[in-house]
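Reader: Please show me how to read a model of this kind, one feature at a time, with the general idea before the particular case.

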Amino acid sequence: MKSQKLTEFTNALIKYQQTGKGHKNLVEKIGIHVYTILKSNYKMENDERGDFFCIYYPKIPYLIKQFEYYGTPF
C-alpha cells in the first residue's frame, strides 16, 4: 500500500509540475498522509503529531517545488 500511495503522490506531483494545477489539493493530501503516518508508524500521540505537523506542513510547498523525479517516488 505504501508504494501505491507514493506512486499516486509522485504522479500527482509530476502532473502539477507540468500543468501548475492542483497545488492546494496536493499539499493537503501530502499533509494528511504525513499526519496519518506519524500515528501508525511512529506511534505519536495527538499532541506530538500536532506539534510536528505545525512545523512540517509549511514546508510541503517547498518540497513540491524542489522535487525532481529520478525514478524514486516522492
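Reader: From which helix does the largest share of the lining of the second largest pocket come?

Author: A pocket is found on a 1 Å grid over the protein atoms alone: a cavity is a set of points where a 1.4 Å probe fits but cannot get out, whereas a pocket is an open set with protein on both sides within 12 Å along at least five of seven lines, and its lining residues have an atom within 4 Å of a point. Helices (H or I, at least four residues) and strands (E, at least two) are DSSP runs, numbered from the N terminus. Here helix 2 gives the largest share of the lining, five residues. This is a predicted model, in which local features need pLDDT of at least 70 and side-chain atom pairs count only at pLDDT 80 or more, while totals for chains, interfaces and linings use all residues. Residues are numbered from 1 along each chain as its sequence is written, and side-chain values use heavy atoms, with hydrogens and water left out.

Reader: Which residues line the second largest pocket?

Author: The lining consists of Leu-6, Phe-9, Ile-30, His-33, Val-34, Ile-37, Leu-38, Tyr-42, Phe-52, Tyr-56, Leu-63 and Phe-74. Two or more of these residues come from each of helix 1 (2-19), helix 2 (23-40) and helix 3 (46-56).

Reader: How do the residues of that lining divide into nonpolar, polar and charged?

Author: Ala, Val, Leu, Ile, Met, Phe, Trp, Tyr, Cys and Pro count as nonpolar, Asp, Glu, Lys and Arg as charged, and the others, Gly among them, as polar. By that division the lining has eleven nonpolar residues, one polar and no charged. The space in this pocket is about 190 Å³, a volume being the space filled by probe spheres set on the points, with grid points joined across faces, edges and corners.

Reader: How many residues has helix 2, and what does it reach from its first C-alpha to its last?

Author: The expected span of a helix is 1.5 Å times one less than its number of residues. Helix 2 has 18 residues and reaches 26 Å between its first and last C-alpha, close to the 26 Å expected.

Reader: Which residues of helix 2 are buried, and which exposed residues does the face turned away from them carry?

Author: Buried means under 20% relative accessible area, exposed over 50%, and partly exposed in between (1.4 Å probe, protein chains only). In helix 2 the buried residues are Leu-26, Val-27, Ile-30, Gly-31, Val-34 and Leu-38. They lie on the same side of helix 2 because they cover an arc of only 130 degrees around the axis, the arc being that of the directions from the helix axis to the C-beta atoms. Lys-24, Ile-32 and Lys-39 are the exposed residues carried by the face turned away from that buried side.

Reader: What do Thr-10 and Phe-53 touch?

Author: Contact means heavy atoms within 4.5 Å. Thr-10 lies in helix 1 and is buried, with a relative accessible area of 3%; not counting residues up to four places away in sequence, Thr-10 touches Phe-67, Tyr-69, Pro-73 and Phe-74. Phe-53, which lies in helix 3, touches Gly-31, Tyr-35 and Pro-58 when residues up to four places away in sequence are again left out. The C-alpha atoms of Phe-53 and Ile-30, 23 residues apart along the chain, are separated by 11 Å.

Reader: Where is Lys-43 found, and what is its phi?

Author: Most residues other than glycine have a negative phi. Lys-43, in the loop between helix 2 and helix 3, has a phi near 50 degrees, a positive value in a residue other than glycine. At 62% relative accessibility, Lys-43 counts as exposed. Another loop residue is Lys-21, found between helix 1 and helix 2, which counts as exposed at 66% relative accessibility.

Reader: How many helices and strands has the whole protein chain?

Author: The protein chain has four helices and zero strands, in the pattern α-α-α-α along the sequence. Its C-alpha atoms fill a box of roughly 35 × 25 × 20 Å, taken along the principal axes. Of the 74 residues in the protein chain, 19% are buried. Among contacts between residues at least 6 apart in sequence, 59% join residues at least 24 apart.
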